[in-house]
Amino acid sequence: MVKPVATATAERYQQRAEHTVLVLQGGGALGAYQAGVYEGLTEVGFAPDWVTGVSIGAINAALIAGNPPETRIAKLREFWERVSAGMPLIAPAAFDSMRRTLNMFSASSSATFGVPGFYFPRMSLPFFAAEGTASALSFYDTTPLRNTLLELVDFDRINAGTMRFAVGAVHVRSGNSIYFDNFTPDMVIGPEHVMASGALPPSFAPVTIKGEAYWDGGIVCNTPLWYVLDDDPHLRALILQVDLFSARGEMPVNMDEVLERQKDIQYSSKTRMNTNRVQDLEALRESLARVLERLPAKLKSDPDVKALARVAEGRRVSVVQLINRRLEHSSQFKDNEFSRTTVHALWASGRDAVRQTAVHPDWRKACAARRGLHAYDLIR
């Protein structure tokens with residue numbers, strides 16, 4: 001767990017970029033870490049004007065964008081207290097030696113009985129249901145999630161567009177990634193769009209929107225970073241990317257750790273691949289800019305040269321990563337472990353990660369959003 005850091009010396013965020021973007025990865029119960037991160041960000045004055053997420057990140061994004069700033073943390077806390085109500089007791093420190101066993105029991109309970117306010121098991125197995133029905137395509141019913149979203153999220157606020165909101169899903173028939181974005185003309189966001197982003201098969205049935213079926217966006221890509229970077233070739237932004245699975249980890253020593261490590265690698269953000277691709281493009285833009293500077297003045301007014309000059313301007317983007325590091329007692333089932341003890345630990349870890357980031361000497365540099373794309377992991 002990240003050690004708590006006093007906020008007295010933390011430098012408050014001063015917006016220097018045109019946009020501040022919060023990018024939230026998928027990861028089930030691990031999403032409590034993102035809620036803690038948001039609480040920490042409010043402490044340092046970070047107020048996003050764009051929030052985007054996949055799966056549980058989409059749910060957290062909706063809780064943020066669908067509420068006024070003064071109630072967002074309360075709504076996040078209400079959601080996470082609700083989904084952890086099945087195992088509500090906080091295990092005392094004396095039980096630390098048993099935490100791994102207790103966490104496994106909690107994950108088994110979620111699989112057997114469901115998660116309050118989120119999902120419950122269907123009465124019969126999919127193999128005995130009529131083909132094509134939701135019961136034949138999934139093990140759990142997510143009706144409780146729809147009710148939770150309608151209660152805790154103001155979708156009229158999301159559709160008013162005061163904050164940009166986008167959630168990623170996968171079109172079942174084509175296999176293509178798609179984003180439901182409230183800045184898309186004629187797009188009206190509802191609970192079904194958030195639920196589609198989190199409809200992970202075979203646990204959950206695909207969600208049908210305008211006659212088309214969608215699954216969890218994490219099947220194709222578990223982080224919306226690429227969507228943000230591809231939105232505008234001239235993007236000026238500070239991006240806070242909150243990852244729930246860490247690409248880096250220790251060598252496993254048993255089968256449970258093998259399966260956990262496999263899941264971490266499979267669902268990690270592949271940030272380096274995304275940022276390297278963009279950095280290569282930015283290097284080409286800088287080369288183009290240098291070539292254009294050498295052109296004679298009489299060519300500067302040429303329409304083609306003007307178009308190339310616009311392309312050469314490039315991005316000014318900082319990506320600050322906040323990565324959920326492995327808790328001491330976690331297992332391969334950590335994304336389905338909704339006990340109150342673990343939810344609180346993840347929340348605290350996310351909040352303290354922000355506090356550590358805000359006192360790092362490079363935090364000011366990251367906030368500046370210099371020319372090109374620059375990635376920071378300040379608490380590695």
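**Figure 1. Surface and overall build of the protein chain in a predicted model.** The accessible surface of the protein chain amounts to about 17,500 Å², and carbon and sulfur atoms account for 57% of it. The chain contains 14 helices and eleven strands. Its radius of gyration is 22 Å, close to the 21 Å that the globule rule gives for 380 residues, so the chain is as compact as a globular protein of that length. The C-alpha trace spans about 75 × 50 × 45 Å along its principal axes. Of the 380 residues, 51% are buried. Among contacts between residues at least 6 apart in sequence, 76% join residues at least 24 apart.

**Figure 2. A nonpolar patch on the surface.** Leu 125, Phe 127, Phe 128 and Phe 139 make up this patch. Together, the four side-by-side names stand for about 480 Å² of accessible area. Phe 139 is located in the loop that runs between helix H5 (134–137) and strand S4 (140–141). With a relative accessibility of 31%, Phe 139 counts as partly exposed.

Figure 3. Helix H1 covers residues 32–43, twelve in number. From its first C-alpha to its last, H1 reaches 17 Å, close to the 16 Å expected at 1.5 Å a residue. Ten of the twelve residues are buried, so H1 is largely enclosed by the rest of the structure. Among these buried residues are Tyr 33, Val 37, Tyr 38, Glu 39 and Leu 41. Just after H1, Gly 45 adopts a positive phi of about 80°.

**Figure 4. The salt bridge between Arg 340 and Glu 81.** Side chains of opposite charge can pair when their charged atoms come close. In this pair, the closest N and O atoms are 3.3 Å apart. Arg 340 belongs to helix H13 (residues 340–358) and Glu 81 to helix H3 (residues 72–83), so the bridge ties together parts that are 259 residues apart in sequence. Arg 340 counts as buried, at 12% relative accessibility, whereas Glu 81 counts as partly exposed, at 26%.

**Figure 5. The salt bridge between Glu 151 and Arg 82.** The closest N and O atoms of this pair lie 2.9 Å apart. Because Glu 151 is in helix H6 (residues 143–152) and Arg 82 is in helix H3, the pair links parts that are 69 residues apart in sequence. Glu 151 has a relative accessibility of 48% and counts as partly exposed.

Figure 6. A search of the whole structure finds 18 salt bridges.

Technical notes:
Residues numbered from 1 in each chain as written. Predicted model: local features only at pLDDT ≥ 70, side-chain atom pairs only at ≥ 80, totals over all residues. Heavy atoms only, no water. Salt bridge = Lys/Arg side-chain N within 4 Å of Asp/Glu carboxyl O. Helix = DSSP H or I, 4+ residues; strand = E, 2+ residues; numbered from the N terminus. Buried < 20%, exposed > 50% of the residue type's maximum accessible area, 1.4 Å probe, protein only. Expected span 1.5 Å × (residues − 1). Patch = residues over 30% accessible without salt bridge, like charges linked within 9 Å, V, L, I, M, F, W, Y side chains within 5 Å. Areas by Shrake-Rupley, 256 points an atom, 1.4 Å probe, with all protein chains shown as cover. Rg over C-alpha atoms; globule rule 2.2 N^0.38 Å. Contact = heavy atoms within 4.5 Å.
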